[in-house]
Amino acid sequence: MKNIKSFGLITVTLFTASLALTACGSGTKTASTSAPVATTAAKPAATTAASAAPVADGGKVTITIGAYSILKDSFDQILPKFKEEYKKKTGKTVEFQESYQASGSQATAIIQGFEADIAPLSLEGDIQKIVEKGLITNDWKSKPHKGNITSSIAAIGVREGNPKGIKDFADLTKPGVEVLIPNPSTSGGAKWDINAIYGAGLKASEAAGKQDPAQAKDLLTKVYKNIKVLDKSGADSLTTFDKGVGDAIVTYENELVARIQSGKKYVEVIPQYTTTIENPVALIDKYVDKHGNRDAVQAFLDYLWTPEAQKVFADKGFRSVVPEIAKQYEKNYTTPAGIFNIDYLGGWDKVNKELYGKGAIWETVLAEGGSK
């Protein structure tokens, strides 16, 4: 049971996912996480807001953020810190317009015209979609830590006392175990979750003598048959779990930590084999140039790797990408011996083609397991 951890109540801000337009400090506006930011039928409201936002002039500058949903809790603390620092350094007041939703949906919204200046998303593939449309022209991977601002691992959350006795991904295939995972067609987090399960199957077969993709697919198929709900985003999936639906949820470790810190009686189960998670960010050149706010956006981008910002991420359960900050928090985490990264699966190009492409493994799993 050494890979099962339960966290005590720690003094932190309650984890929340915004479901309506709310204010997050002076001059900060947050778009809904549940409604789409952009559609093909009409010009999206968020796009209109971004387009109408004041360009940097005089003492005020606006930065529009298009982020994946799980970052909201961290940004609620990071944005005021940055605003204060930027005001001291430049004399200018920064206002933020924020949108949080599933990573894949956010990338689509940006491509369709939501004029975000900066995109902190869940996975590299969503950033690359924006690159391919010519909206990002800078070499975002050349930034610190290959453009990643946070790290985590895929873990399993279970109810208090772990009544189903879940210790690993294989236990999610047991009869009567109801599992929650978000939908990989909209959620970047879901792809990390599915990568973890599929990769765990590969690792288990390898430990038994020979790496076997068929065994990995079989594990994924059996887990899928026990999935109760495929929500749109990781945040939505956790909200469903909060309502008492499901026995187990596959999600980012940091999300479980945040829930447990806020008082939820959950237990984190760390599988023997699981994947590291890397979350990138990129400045969106086309919209930044249009808005004339590059200096401020670049300053905010750089700020995300500062000790101040990285400590906020770490306090919210992320594993810092900055070694010295990670060292300070290492006692909070368990790293299983069988952990692997995206390179073990062949990199994102191979994964997107062979696992999530048309007619690929995930589509086959859906067909064999039935629709949810």
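Student: Which residues of α8 are buried in this model?

Tutor: The model is a predicted one, and local features are read from it with that in mind. Helix α8 covers residues 253-261, and nine of its nine residues are buried, so the helix is largely enclosed by the rest of the structure. Those buried residues of α8 are Glu-253, Asn-254, Glu-255, Leu-256, Val-257, Ala-258, Arg-259, Ile-260 and Gln-261.

Student: Which residue takes a positive phi just after α8?

Tutor: Helix α8 is made up of residues 253-261. Just after α8 there is a positive phi of about 110°, and the residue that takes it is Gly-263.

Student: Is Trp-362 buried or exposed?

Tutor: Trp-362 belongs to helix α14, which spans residues 361-369. Once neighbours within four places in sequence are set aside, Trp-362 is in contact with Pro-184, Ile-194, Leu-220, Tyr-224, Leu-355 and Tyr-356. Because a residue counts as buried when its relative accessible area is under 20%, and the value for Trp-362 is 8%, Trp-362 is buried.

Student: How far apart in space are Trp-362 and Tyr-198?

Tutor: Along the sequence, Trp-362 and Tyr-198 are separated by 164 residues. In space, taken from C-alpha to C-alpha, Trp-362 and Tyr-198 are apart by 9.9 Å.

Student: Which element gives the most to the lining of the largest pocket?

Tutor: The largest pocket, with a volume of about 460 Å³, is lined by 17 residues, and His-145, Lys-146, Asn-148, Glu-278 and Ile-342 are those nearest its centre. The elements that give two or more residues to this lining are β7 (148-159) and β12 (276-283). With three residues, the element that gives the most is β12.

Technical notes. Residues are numbered from 1 along each chain as its sequence is written. This is a predicted model: local features need pLDDT of at least 70, side-chain atom pairs count only at pLDDT 80 or more; totals for chains, interfaces and linings use all residues. Side-chain values use heavy atoms; hydrogens and water are left out. On a 1 Å grid over the protein atoms alone, a cavity is a set of points where a 1.4 Å probe fits but cannot get out, and a pocket is an open set with protein on both sides within 12 Å along at least five of seven lines; lining residues have an atom within 4 Å of a point. Grid points are joined across faces, edges and corners, and a volume is the space filled by probe spheres set on the points. Helices (H or I, at least four residues) and strands (E, at least two) are DSSP runs, numbered from the N terminus. Buried means under 20% relative accessible area, exposed over 50%, partly exposed in between (1.4 Å probe, protein chains only). Contact means heavy atoms within 4.5 Å.
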